[in-house]
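Please keep the sequence and the structure in view while reading.

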Amino acid sequence: MRLRPRSALVLALASVAGLLMFAWPLLVPAGAALAGSAGAPLLFALLLPLVLAVVLAELADGGIEVSALALLGVLSAVNAGLRALGAGLVGVETVFFLLVLAGRVLGPGFGFVLGCTSLLASAVLTAGVGPWLPFQMVAAGWVGLGAGLLPRRPRGRAEVALLTGYAVVAALGFGLLMNLWGWPLATAGTGASYVAGAPLADNLGRLLLYSALTSLGWDVGRAVTTAVGVLLAGPAVLAGLRRVVRRTSFAPPADAPPADDPADDPADEPPADDPPADDPAGGAPGGRMAG
């Protein structure tokens with residue numbers, strides 16, 4: 001999915017708005033209307049879907065080919081099924097490795113949309129719909145977006161190593177963002193509780209302590225699961241997605257390198273040179289008559 005300049009601008013502005021909706025507890029000064037308001041996360045849960053709707057409508061208006069839309073539906077369904085496999089297991093999150101690989105091949109716009117649709121579909125499938133869902137969709141969208149923005153040059157083992165490292169960082173970052181959403185709603189009165197209007201460094205330390213005490217096991221498990229998935233399935237999935245891109249009507253991102261080495265796909269190898277054709281009259285090659 002190619003991003004037009006206007007679509008890229010809308011996506012960037014929406015990402016900034018989403019980040020502010022996540023990070024408001026760290027930014028509001030003492031005495032502000034939002035400070036100490038337990039309803040602020042719920043208010044943002046109502047506003048964030050509107051931001052998502054604007055972004056998705058703008059990306060669709062930029063022209064999503066039928067083949068890209070079909071691939072989006074297939075990958076969203078696969079990701080929803082993969083997430084259901086890990087439901088109930090501590091830290092086992094099988095949804096992110098495919099999101100990283102697809103964002104890498106198909107670009108940041110496709111990666112963002114796939115992250116949103118994958119989490120929405122999996123929430124419906126696993127009865128996980130709630131006020132946290134819009135925040136999960138945006139955070140997962142950023143995972144796919146970031147994968148599409150990684151340097152394009154590394155290939156082969158270097159590319160898999162790059163994506164594995166990114167998968168670990170993205171999985172831990174997803175957990176931290178989701179803690180940032182729910183942290184102000186947590187029970188007050190502990191050293192890890194949110195303090196309205198406290199200095200940024202103070203509240204940031206409390207957030208990190210809260211994350212370590214409540215979700216570190218989940219976050220590390222998610223990072224390990226995602227990294228292992230990229231390591232084991234990465235080469236095959238990357239090659240398969242690039243082959244799909246080549247053989248369908250929609251183009252890869254404008255800054256993408258050649259999709260695959262020709263040696264990877266015998267069908268793409270140039271045909272061998274044909275020998276010179278014989279003379280129609282039965283003569284020898286080159287138009288000379290046989291003696």
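## Surface and overall make-up

Accessible areas come from the Shrake-Rupley method with a 1.4 Å probe. By this calculation the chain, which is a predicted model, exposes about 14,200 Å².

The secondary structure comprises 9 helices and 0 strands. Read from the N terminus, the order of elements is α-α-α-α-α-α-α-α-α. The chain has 291 residues, and buried residues make up 45% of them. Among the contacts with a separation of 6 or more, 75% are between residues 24 or more positions apart.

## Confidence in the model

The mean pLDDT of the chain is 76, and 69% of the residues reach 70 or more. Over residues 259-271 the pLDDT is below 50, and this stretch has 16 contacts in the model beyond near neighbours in sequence. Residues 275-291 also have a pLDDT below 50, with 8 contacts beyond near neighbours in sequence. Where pLDDT is low, the predicted coordinates should not be read in detail.

## The nonpolar core

The largest nonpolar core has 57 residues, of which F22, L75 and L106 touch the most other members. Several helices each supply at least two residues of this core, including α1 (5-27), α3 (66-85), α4 (96-106) and α5 (108-125). Helix α6 gives the most, with 10 residues. In soluble globular proteins, nonpolar side chains tend to be buried together.

Leaving aside neighbours within four places in sequence, L75 is in contact with L98, A102, L106, F110, L114, S118 and L241.

## Helix α6

Helix α6 covers residues 133-148 and so has 16 residues. From its first C-alpha to its last, α6 reaches 23 Å, close to the 22 Å expected at 1.5 Å a residue. The helix is mostly covered, with 16 of its 16 residues buried.

N203 lies in helix α8, which spans residues 200-214. N203 counts as buried because its relative accessibility is 0%, and the cut-off for a buried residue is under 20%. The side chain of N203 reaches the backbone oxygen of V195 at 2.9 Å. Not counting residues up to four places away in sequence, N203 touches P25, L26, W183, Y194, V195 and A198.

S211 also lies in helix α8. With 8% relative accessibility, S211 is therefore classed as buried. A polar contact of 3.0 Å joins its side chain to that of N179. Apart from neighbours within four places in sequence, S211 is in contact with L176, N179 and L216.

T164 lies in helix α7. Its relative accessible area is 12%, so T164 is buried. Although T164 and F97 are 67 residues apart along the chain, their C-alpha atoms are separated by 8.9 Å. T164 touches A227, V230 and L231, when residues up to four places away in sequence are not counted.

Conventions:
Residues numbered from 1 in each chain as written. Predicted model: local features only at pLDDT ≥ 70, side-chain atom pairs only at ≥ 80, totals over all residues. Heavy atoms only, no water. Helix = DSSP H or I, 4+ residues; strand = E, 2+ residues; numbered from the N terminus. Buried < 20%, exposed > 50% of the residue type's maximum accessible area, 1.4 Å probe, protein only. Polar contact = N/O pair within 3.5 Å; in protein donor to acceptor, adjacent residues only side chain to side chain. Contact = heavy atoms within 4.5 Å. pLDDT = per-residue confidence, 0-100. Expected span 1.5 Å × (residues − 1). Core = buried A, V, L, I, M, F, W, Y, C linked by side-chain atoms within 4.5 Å.
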